[in-house]
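I opened the notebook to write down what I looked up, one entry at a time.

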Amino acid sequence: MPKQSSGAELTIVADENIPLLNEFFAGFGSIRKLPGRSMTPADVADADVLLVRSVTEVNEHLLAGSSVKFVATATSGTDHIDTQWLEDNQIGFASAAGCNADAVVDYVFTALNALSDGQGLNIEGKVFGIVGYGQVGSRLYTRLQQLDIKCLVCDPFKETPDQVSIDELVEGADIISLHTPLTQSGEEPTWHLLDGERLSRLKEGSVLINAGRGEVVDNVALIRRLQSDSPITAVLDVWENEPALSTELLELVALGTPHIAGYSVDGKVRGTEMIYQAMCQWLNTPADISLDTIAPVPALQTLSAAGENIAEITAASIRLLYDIRRDDHCLRALAKTAGDDTSALVKGFDQLRRHYPKRREFNTLTVQVPETANALERELAGIGFSIESGK
Ligand SMILES: NC(=O)C1=CN([C@@H]2O[C@H](COP(=O)(O)OP(=O)(O)OC[C@H]3O[C@@H](n4cnc5c(N)ncnc54)[C@H](O)[C@@H]3O)[C@@H](O)[C@H]2O)C=CC1
Ligand SMILES: O=C(O)C(=O)[C@H](O)COP(=O)(O)O
């Protein structure tokens with residue numbers, strides 16, 4: 001099927017939670033905004049273009065018989081898309097690879113800050129294990145290198161620094177952060193990559209962070225490990241059977257959040273811009289609209305650090321931009337209110353995501369530090385803040 005000409009009026013069906021839809025896409029034709037989780041074949045039957053987020057399963061069931069010729073997801077993950085079926089049916093496809101990678105790295109740092117009771121990162125001398133060295137994992141590695149933290153990396157598909165096997169990483173790391181896609185087949189599937197056996201070999205007292213996909217960790221086995229007499233600390237942003245997460249597991253984790261690790265304003269609007277650019281390329285038309293002119297301006301842009309107390313200043317700066325404890329509190333409050341009512345839990349989970357506060361990435365804040373405060377400057381820059389020295 002030939003591509004649409006750029007002059008044609010297109011019918012676009014889009015997830016209502018994609019920001020700046022009108023700003024980027026109104027010029028192409030009509031936009032029908034719908035809740036992503038409940039999109040049906042009838043909703044998309046007459047569409048030319050389908051724009052989704054992670055909660056819409058895009059496959060033969062949704063698209064067979066429709067007029068959709070181009071699909072884009074404003075997300076990094078693509079496990080909700082049957083890309084092979086799209087290819088077999090000559091339907092164009094694009095994702096927003098890496099749009100929210102910095103937001104996820106910020107999430108890891110705010111989690112570490114919260115685990116140390118808001119006293120900074122407290123990771124000096126620890127070994128950090130990064131599983132998946134893509135957009136998120138490699139950026140996390142770069143920031144940790146700047147902080148002089150020893151890292152172990154596992155990514156069988158990439159040449160990486162400090163590469164080890166998953167088993168070496170599991171046994172050697174004090175903090176493990178998972179950043180792989182969810183894959184069920186292929187050479188190195190990630191479904192239950194951390195199964196009961198590997199979970200049992202994590203060091204006692206180690207920290208496990210999952211901000212990738214819930215199914216990468218066997219959640220039932222994780223419950224067993226958390227209840228064992230050699231417990232670990234778990235931070236989960238993603239859950240098996242999400243949004244119907246296990247509230248038993250939520251009670252056992254140190255921090256639990258409703259799949260919002262990538263939910264910075266910056267990451268979300270970047271995702272929209274990326275799929276706009278991909279659609280322009282598909283239509284062979286110039287991409288005239290850019291975030292440069294329409295990106296929401298951060299409300300806080302500069303902060304002046306007084307003194308040189310590194311732990312205090314880093315902790316305060318992190319909390320100011322993103323305090324993960326709010327997200328944890330909201331999810332626990334929801335679980336308590338919902339009780340055994342799974343439909344209330346599911347609905348509430350999506351509401352928390354839909355009405356998520358305007359969180360900005362660390363790099364949008366410039367911290368002014370005294371000229372002599374080299375160690376403070378290094379720490380803040382390593383965490384991801386922009387720095388202005390000599391103030
Ligand atoms: N919680 C959230 O809000 C977000 C979650 N994500 C999830 O995190 C995942 C990673 O994000 P990106 O870094 O942007 O993706 P990416 O595709 O850039 O990187 C993923 C890396 O994982 C590696 N990998 C694949 N199988 C592996 C295995 N068995 N063991 C170790 N490494 C393996 C790949 O080679 C690749 O380098 C996404 O696929 C998505 O599912 C991404 C953004 C936000
Ligand atoms: O980009 C990804 O991959 C993510 O996991 C997103 O943060 C998911 O956000 P939604 O698409 O579920 O809004």
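**Ground rules.** I am reading a predicted model, where local features need pLDDT of at least 70, side-chain atom pairs count only at pLDDT 80 or more, and totals for chains, interfaces and linings use all residues. Residues are numbered from 1 along each chain as its sequence is written, while chains are lettered from A and ligands numbered from 1 in the order in which they are written.

**Domains.** I looked up the domain assignment, whose bounds come from an automatic or database source. It gives domain 1 (10-95 + 264-293), domain 2 (101-261) and domain 3 (302-322 + 360-389). Taken over C-alpha atoms, the centres of domain 1 and domain 3 are 37 Å apart.

**UniProt record.** I noted that such annotations may be inferred rather than shown by experiment. An unreviewed UniProt entry places "domain: D-isomer specific 2-hydroxyacid dehydrogenase catalytic" at residues 39-285. That span is 36% helix and 15% strand. The record also places "domain: Erythronate-4-phosphate dehydrogenase dimerisation" at residues 296-375, again from an unreviewed entry. Residues 296-375 are 52% helix and 9% strand.

**Ligand 1.** I found 33 residues around ligand 1, the closest being G77, G132, G134, P181 and G262. A residue counts as near if its C-beta atom, placed from the backbone, lies within 6 Å of the molecule. Which helix gives the most to this shell? Helix 6 does, with three residues. Helices here are DSSP runs (H or I, at least four residues), and strands are E runs of at least two, numbered from the N terminus.

**Helix 6.** I checked its length: helix 6 has twelve residues and reaches 17 Å from first C-alpha to last, close to the 16 Å expected at 1.5 Å a residue. The expected span is 1.5 Å times one less than the number of residues. Its buried residues include V136, L140 and L144. Buried means 20 or more other C-beta atoms within 10 Å of the residue's own; exposed means 12 or fewer, and partly exposed lies in between. Among the elements covering these buried residues are helix 5 and strand 6 (127-131). After helix 6 comes D148, with a positive phi near 65°.

**I318.** I placed I318 in helix 13 (residues 310-321). Why does I318 count as buried? It has 26 C-beta neighbours inside 10 Å. Beyond four places in sequence, I318 is in contact (C-beta atoms within 7 Å) with F109, T110, N113 and I383. The C-alpha atoms of I318 and Y107 are 9.9 Å apart, although 211 residues separate them along the chain.

Technical notes. Two residues are in contact if their C-beta atoms, placed from the backbone, lie within 7 Å.
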